[in-house]
Amino acid sequence: MIELQGLTKRFGEKVAVDHLTFTVRPGIVTGFLGPNGAGKSTTMRMMLGLDNPTAGDVRIDGKRYAELKEPLKEIGALLDAQAVHGGRTAYNHLLCLAQANRIPRSRVGEVLEAVGLTPVARKRPKGFSLGMGQRLGIAAALLGDPRILMFDEPVNGLDPEGIRWIRNLMQSLAAQGRTVFVSSHLMSEMALTAEHLVVIGQGKLLADTSMADFIARNSRSFVRVRTPEPERMRDVLAAAGIEARTAGDGSFEVTGSTAADLGELAARERLVLHELSPQQASLEEAFMGLTAQAVEYHAREAGEPPTPTAGAPVEQAPAWGEQWRREHGPERSGDGEGV
Amino acid sequence: MTTPHQATAQGTQPWQGGAPAAYTSPIPVRDATFGDALRSEWTKIRTLRSTMWTLGVMLLVVVGIGLLVASVMSGHEASGFPALAAGFFGVLLGSLSVITLGVLVISSEYSTGMIRTTLTACPSRSRVLAAKAVVFFSLAFVLTTVACLLVAAVDSSLISGHGVLAPSGSQWARATVGIGLYVALLGLLALAVGAMLRHSAGAITAMLGVVLLPLLLALFMAGESLQTLRTDLIEYSVPNALAAIYGIPMLDSGPHGWTPLWILAGVTVVALAGAFTVINKRDV
């Protein structure tokens, strides 16, 4: 269990973390989501006592980090893969950490085996790939067999096989009753692993909710209707009291009605349909809608307005990830919904 | 694995009486001690190539140059020269290696990011710095003293007669333990500077400046008005301090015998105090 109370970090004028209060519970994977620069890493560093908070407090199972007797046995953290001396072999790196907390030497071999680094145990991390570096960091986090695990962007730089391995690892750690706290800037990744979600933007708490709630509340579902007679369609829908809006390509996005009802309605009115498809805006879009106002570094394309309009529909906010959405089409249904 | 989330119903301070975590590790938890930190730092220092390189070069230079000087001086007229002082030249160069290692012991943790991992394992920063200081100082002291002992033994047998002064007991002590302590203290000062600057190249440069600059400046100081300053710079420079411990100071005035050692110890204590202060204050 990790508890944050009004945690605040100020770097000069800039507020990196702004009165964060939330709890990370045991037995589940809690996702910590936010765009780049939202303050995720700063928050995690304060949890570990590396950065001093300007205000507020963090408790690890009721204690401050500095009060933990042998911290590695209580909380394991993957901060970033670079927090390793490149000239010390993987085995010796883990050995010196084990000795600092009186962890039996045999654990070093065990965790190396667990992350699949046994063949390179006597190699220097200087020559490791990004993925191997992540695995070494995870081995260090697992070293003390801690109750609480914290991973900062664990899937960065991993190949698909490694990503799947991390997902399974985190879920099995949580299933053992451990507290798992994992940060990411990818909603799709979180949707696959996390059961609970904490979203921050510009250091502020935007959401603290279960993943199921988040999906139910934030994913906008509608039915796309395309017809060669849009004017008649509009009249028919208006007459039936069904809310619809016209999308950019001339199709209708109908909310508050099912595809079956719409199909029957169209048949009664002898309207030709070219498309009738239920759609669900992806979680990625829901996340971007939530953080659109809180994104620090916007990548803008020529001609776009300088600031996103407040309360604008998700699709029109020139937010982080815009490029990605363009490439993948505006709607992606069913993406990662199966949690 | 879905479980309903329990609300933290403990009022304003939810950690009070914190709910027991479900997972318990079979590894027992005890209070970590300073001994654990020492063991960890010893593993760290012995598993890096930079340690082998810097200390290897130190041994090579101190012993190699020491033997070279001894063989050159052997059988030559050197009236009034203390026999053991032939070790001076090797030690002067070798100390630069020890300084480099002293800086690297701490600054390499900052440059690689290792310091963050170190401090998650041992959140007491003072304990980490103290353990580093003890391990490094002991290692540097033992190796330098052994090297000096070897050179002194050769010096005393090769350089004799021809007006050379036979070494007394206190000269033996100063040329071995005294020099060992002085060089190790110089390394400790470098460690403190490294902890404050957190930057390898910067800290090494600063230490080279401390060691070499006073004497170099004094060399180029002419004129009556600067005479006192010039004398002070020479008397308190590191090379002159080493020479004074060996009993061959450049000037007749100034600290001699064991005094240079106490001066350096004082400076190092002040620098370490600074290092402890900043390391506890700063974010990493």
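In chain A, 71% of the contacts between residues at least 6 apart in sequence join residues at least 24 apart. The model is predicted. Chain A holds 12 helices and 13 strands. Of its 339 residues, 45% count as buried.

Chain A touches chain B. The contact takes 57 residues from chain A and 43 residues from chain B. On the chain A side, the elements that give two or more residues are α2 (71-74), α3 (90-100) and α6 (160-175). The largest share, 6 residues, comes from α3(A). By class, this side of chain A has 23 nonpolar, 19 polar and 15 charged residues.

Helix α5 of chain A covers residues 130-142. At 1.5 Å a residue, its 13 residues should span 18 Å. The end C-alpha atoms lie 19 Å apart, which agrees with that expectation. Of the 13 residues of α5(A), 11 are buried, so the helix is largely enclosed by the rest of the structure. The buried residues are A:Met132, A:Gly133, A:Gln134, A:Arg135, A:Leu136, A:Gly137, A:Ile138, A:Ala139, A:Ala140, A:Ala141 and A:Leu142.

How values were computed: Residues numbered from 1 in each chain as written. Chains lettered and ligands numbered in written order. Predicted model: local features only at pLDDT ≥ 70, side-chain atom pairs only at ≥ 80, totals over all residues. Helix = DSSP H or I, 4+ residues; strand = E, 2+ residues; numbered from the N terminus. Buried ≥ 20, exposed ≤ 12 C-beta atoms within 10 Å, placed from the backbone. Contact = placed C-beta atoms within 7 Å. Nonpolar A, V, L, I, M, F, W, Y, C, P; charged D, E, K, R; others polar. Expected span 1.5 Å × (residues − 1).
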